[in-house]
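Reader: I would like to learn how to read a structure like this one, feature by feature. Could we go through it together?

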Amino acid sequence: MTAVALLLRKDLRVLLRSPLLLGALVAYPIVIAVLVGLVAGYASAKPRVAFVDEDNLPPVVSVAGHRFHWQTVVNEVAKQVTLVQLPQAEAQRELSTGKVVAVITVPPGFLGDLQTTVVSPKLLLQTGSGGLAPRVTEQVQSLVYQLNQKLQAGYIQANLDFVHLLLRGGKGHFLGRNFDVLGLERTQQELARLPSTERVAAIEHFVRQAREGLAQTGSALRATANPIELEQGSAHGRTWLLSAQVQSYGIAVTVTFLALLLAAGATASERDEGTIGRLRRGLVSLGRLVWAKVALAAVVGLVLGLAIVVVFGIVVEAGGITGGEPWARVPLLLVGVLLAAGAVGAAGALLGALAREARAASLLAVLIVLPVVFLGLVPRGALALAYWISLFLPFAHAVRFFGAALYDTSPWGTVGIQAAWLLGIGAVFWLLARLGVRTLTA
Amino acid sequence: MTTPLLRALRVARRYGEVEALAPTDLELLPGEAVALVGPNGAGKSTLLAILAGALDPTEGSVETHARVGWVPQRPAHYARLSARENLELFARLEGMGDPAHAAASMLERFALPIAARPSGELSVGNRQRLNVALALLGGPRVLLLDEPTAALDPGQRRRVWEVADALRAEGGAVCFATQNLEEIEHAGRTIVLQDGRVASLTVEEVFG
């Protein structure tokens, strides 16, 4: 067995004999995974929304001669939120107590206005002040969008019917009044029977132009209704962004925190116990000593990462959370965990060498880990300096690696780049730690 | 001319502006025992750590022509491992063929507890004996001892000196630091250190 393996086995044995630390190590990933799972579950849960129908909408609505199932559209929205039909007073009460996060009201006269096709009826939306309000607003906007999409066809057809009437002539009906229309075709026929004069010729010319122009009305109306049409292709990229983010951050925070703490403490404790002197006497090179601490961080990180993934996966599967757990990607994720924990371990070894005492090293690790994590969370646009600093620390790269490994359809590009970053950062910290442990004299 | 088992050439150690050890020469010949004597902070531990290879000198060099064992002043072992586990680990790191046997024989030789009790929970005397036992793994021909008997009872002290004397008798060399003037009788040569330098004073002059 090599010196690195011997020291690694020793460190793991020491770790297993520290009941409090061991308990924390076992509990930590479970707590993190359960919390992360709950966050993912809560985020993907349907918010409860009250639906107040003050117009007594029938299940099937007829607008401009077109019938559509109002209830079908409502049911579509109900896939994203839980719609609960309530009287207005009760809906308001539940909104004030937070039992529902929003109230959608169909006011009296809604259907009548809708059927005129000349007035835009209004749906009323009230939201609470909770964190889910923006999501509910988006859902209701989606409902209105879907309704408008369905009504659009009816409205366009109604307009086209009027255009057709203008072209062909016949009996019409608008705002409760019946009327007869001569129509451009019959006008042209009537004009043909009149003596050919310059004035008649001018009117015939106008009628011909009007007929040609109105013949294009259908396309023009459809284009006006949808200046830009969204065509949705097959799904690419992340399958479930929120799950990817929370799980990636959960694992990255855990690995960063524990790998840094363990490597720093284990390195400094070689001085505390006086064993650094024995090891330096040709038994273990300083480089191998640092490797042993990196290996400790990597092994513990790997076990904790796996534990988080498994517990998180169980929570996700048991809760039926959208997106599920991509089990097939777990091996790739664990490669990232190994690299990230190793890179953080090298940083921890440097910290331990500089702190020189296990207690100081542990305290320093705890103090450093939070800024490191937050630096990794700052978007580039928010504070460029924070972004650039985080580029040279393992956390942000670990998060990107984990997210890509778990949910990107084609993760290899991102995974390759982030792996290279982690290896590079790890190598620099290893080198610095190798220099730092020279100061750990007996 | 006899080749020294260990030779230090103008080894010195500085910590910033502080000179812990001025350039010092030392040779350990086969069968020789050298005592390093001096008050606290005289540079004895620093010199022994440099000779052992546990501390890099800021200048000078050390040549070794034999395996060296080192007993640091403060017991140096893993507190959460038992005495047996510590001995087995260091025996493996020394590259010994049968680490389990080496550990068992040291446990017996120094009457150390064989129970799987963390060594950090042992008595001060037992920890110091473990410290000596660890230094003897691998069969060193040069033994460097930094106040090895400070925490030991008279019986245990005698056992340590028996080990050192036996090593010297077999052609090895011993160099030890002490503030116990009675122990100087185990040395054939005494070097007095004061303020990090070899002083041309007698032991009596140093300690008044």
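Predicted model: local features only at pLDDT ≥ 70, side-chain atom pairs only at ≥ 80, totals over all residues.

Reader: Now the backbone. What should I look for in phi?

Author: A:Asn56 has a positive phi of about 50 degrees although it is not a glycine. You will find A:Asn56 in the loop between β1 (48–53) and β2 (60–63) of chain A. A:Asn56 is exposed, because 9 other C-beta atoms lie within 10 Å.

Reader: What is phi of B:Glu147, and is B:Glu147 buried or exposed?

Author: Phi of B:Glu147 is near 45 degrees, again a positive value in a residue other than glycine. B:Glu147 belongs to the loop between β6 (142–146) and α5 (154–169) of chain B. With 21 other C-beta atoms within 10 Å, B:Glu147 is buried.

Reader: Let's turn to strands. Which strands pair with β3(B)?

Author: Strand β3 (residues 33–37) of chain B pairs in the parallel sense with β7 (residues 173–178) over 5 bridges. β3(B) also pairs in the parallel sense with β8 (residues 189–194) of chain B, over 4 bridges. To locate these pairings, find B:Ala35, whose bridge partner in β7(B) is B:Phe176, and then B:Leu36, which stands opposite B:Ile191 in β8(B). The strand β3(B) is mostly covered, with 4 of its 5 residues buried.

Reader: How many residues does the largest nonpolar core have?

Author: The largest nonpolar core has 143 residues, and those with the most contacts inside it are A:Val255, A:Leu260, A:Ala340 and B:Leu144. Helix α12 (residues 286–319) of chain A supplies the largest share of this core, 16 residues. For a local view, pick A:Ala340: leaving out residues up to four places away in sequence, A:Ala340 touches A:Ala252, A:Val255, A:Gly301, A:Pro394, A:Ala398, A:Phe401 and A:Leu422. Another core, of 14 residues, lies apart from the largest one, and includes A:Ala91, A:Val100, A:Val103 and A:Ile104.

Reader: How many residues does each chain bring to the contact between chain A and chain B?

Author: Interface size is often given as the accessible area lost when the parts come together. Here we can count residues instead: 19 from chain A and 21 from chain B. On the side of chain A, α1 (3–16) and α11 (275–280) each give two or more residues, and α1(A) gives the most, with 5 residues. That side has 7 nonpolar, 5 polar and 7 charged residues.

Reader: And which domains does the assignment give for chain B?

Author: Domain 1 covers 1–66 + 141–202, and domain 2 covers 79–136. Taken over C-alpha atoms, 24 Å separate the centres of these domains of chain B. Their contact takes 8 residues from domain 1 and 7 residues from domain 2. On the domain 1 side, α5(B) brings the largest share, 3 residues. By class, that side has 6 nonpolar, 1 polar and 1 charged residues.

Methods
Residues numbered from 1 in each chain as written. Chains lettered and ligands numbered in written order. Buried ≥ 20, exposed ≤ 12 C-beta atoms within 10 Å, placed from the backbone. Domains from an automatic or database assignment. Contact = placed C-beta atoms within 7 Å. Nonpolar A, V, L, I, M, F, W, Y, C, P; charged D, E, K, R; others polar. Core = buried A, V, L, I, M, F, W, Y, C linked by C-beta atoms within 7 Å. Pairing = 2+ DSSP bridges.
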